[in-house]
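User: I am new to reading protein models. Can you take me through one, feature by feature?

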Amino acid sequence: MKLETKCLHAGYAPENGQPCALPIYQSTTYKYDSTDHVGALFDLSAPGHMYSRISNPTVAAVEEKIAALEGGIGALCTTSGQAANLLAVLNICSAGDSLVAVPTIYGGTINLFAVTLKRLGIECIFVDGDASPEEIRAAFKPNTRLVFGETIANPAISVFDIEKFAQVAHEQRVPLVVDNTFATPILCRPFAFGADIVTHSTTKYMDGHAIQVGGVIVDSGKFDWQNGRFPELTEPDESYHGVRYVRDFGAAAYITKARVQLMRDFGCYPGAQAAFYLNLGLETLPVRMERYCKNAEQMARFFAASDKVESVSYPALPGDPYHQLAQKYLPDGCSGVLSLTIKGGREAAVRFMDSLQLATNEVHVADIRTCVLHPASATHRQLTDAQLVAAGINPGLIRFSVGLEHIDDIMDDARQALEKV
Ligand SMILES: *Cc1c(COP(=O)(O)O)cnc(C)c1O
């Protein structure tokens, strides 16, 4: 099936007389006929839902759909994108380990990696996304357990060279984790370029309507966990009577461990209602992504042509420094998010934003409605000036998230606001 078809049919196939729309299984618990069966669930030797902190039929259908869209073998939904990235890392990193990440990633992920994980004894080593393979290799330490990047960085709008990072990661026998939030599987499927694990904040395009926060981890099933570096996946788990994830779950070792161990312990699993809404968003994702890309490209060209604008970042534009990478990784478009710097720095940026009438000033991105954000005073407020520069953020930078309104209305609004700068 093609992506458009999977968005509608993967994960849930009603049988004769059953509802066409995905049912909401609003239940925390599941009935079993024998103590033996329940015991087998706790031993992970029988399939089935045990408790809705670990799995639920409605959420499972959405997980299967997202795994199908990414070309993975399994997925685990979480209550937020933050929880997805946290679990993706903690599944294979413990105190005393480190990870390598590019500094252009989402501000919330930088906080998580550089501040909170540090308190847990996990070090984050930052290496520039444009670094050479030698430089990336040099950043590794013997205790490095994974590499992390974002397909399209938020808000620098740089394109991550997935293949380059995957090659170095694999040479060092560690997996590459890619946050694919902005691209969505409609525009890029990182597994095809060597990524091993994909994460998403489903809060953005996947949900698409700004109605709820959510996340997901997807496993390609391709990484060799038996290379001697991941004992947590090959040695017995004492919290499950000696289950060995690779031996017992094969290619699904990583995603099974994330669910039955970390999700069991941290409990950040979404409810059935949340999964139902996410599924509605997924059903129309391909149609929406196509329009986002079309509208954003027109807005990028509009801003690039304005004498009030210093620079525009949108990799679909031929002059963009990431245009070549975009042609390779994002041939169908670069999503609806672009960034621009208005001449006149921070003050001009604020005047432009405050003059917008249709586009809303909000802490969100990849919304169905056009919205703007000033990263230096909002999402990236906690970063130092040096960190801002490393993340590709000028104090005058505006993140412009193009919505699905008619292009003429979005453009008229931007035009009148630019006139007031
Ligand atoms: C928003 C975002 C996150 C965090 O997701 P939440 O759902 O807000 O927790 C992570 N990564 C990227 C790229 C994001 O845009």
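User: How many residues surround the ligand, and which are the closest?

Analyst: Keep in mind that this model is predicted. Here 15 residues surround the ligand. The closest are G81, D179, S201, T203 and K204.

User: Which polar atoms lie at what distance from an oxygen atom of the ligand?

Analyst: Look for pairs of N or O atoms within 3.5 Å. A polar side-chain atom of T203 is 2.6 Å from a ligand oxygen. For G81, a polar backbone atom is 2.9 Å away from one. N154 uses a polar side-chain atom, at 3.1 Å.

User: Where is K204 found, and is K204 buried or exposed?

Analyst: K204 sits in the loop between β6 (197-201) and β7 (215-219). Buried means under 20% relative accessible area. K204 has 9%, so it counts as buried. Leaving aside neighbours within four places in sequence, K204 contacts T181, H364, V365 and A366. An unreviewed UniProt entry places "modified residue: N6-(pyridoxal phosphate)lysine" at K204.

User: Where is the kink in α11 centred?

Analyst: On R259, with a kink of about 25°. After α11 comes G267, whose phi is positive, near 65°.

User: Why is α11 called largely enclosed?

Analyst: Count the buried residues. Twelve of the 14 are buried, so the rest of the structure largely encloses α11. Among them are Y254, R259 and M263.

Methods: Residues are numbered from 1 along each chain as its sequence is written. This is a predicted model: local features need pLDDT of at least 70, side-chain atom pairs count only at pLDDT 80 or more; totals for chains, interfaces and linings use all residues. Side-chain values use heavy atoms; hydrogens and water are left out. The bend at a residue is the angle between axes fitted to the seven residues ending there and the seven starting there. Helices (H or I, at least four residues) and strands (E, at least two) are DSSP runs, numbered from the N terminus. Buried means under 20% relative accessible area, exposed over 50%, partly exposed in between (1.4 Å probe, protein chains only). UniProt positions are given in the numbering used here, feature names are shortened, and annotations may be inferred rather than shown by experiment. Contact means heavy atoms within 4.5 Å. A residue is near a molecule or strand if one of its heavy atoms lies within 4 Å of it. A polar contact is a pair of N or O atoms within 3.5 Å; within protein, one must be able to donate a hydrogen and the other to accept it, and residues adjacent in sequence count only if both atoms are side-chain atoms.
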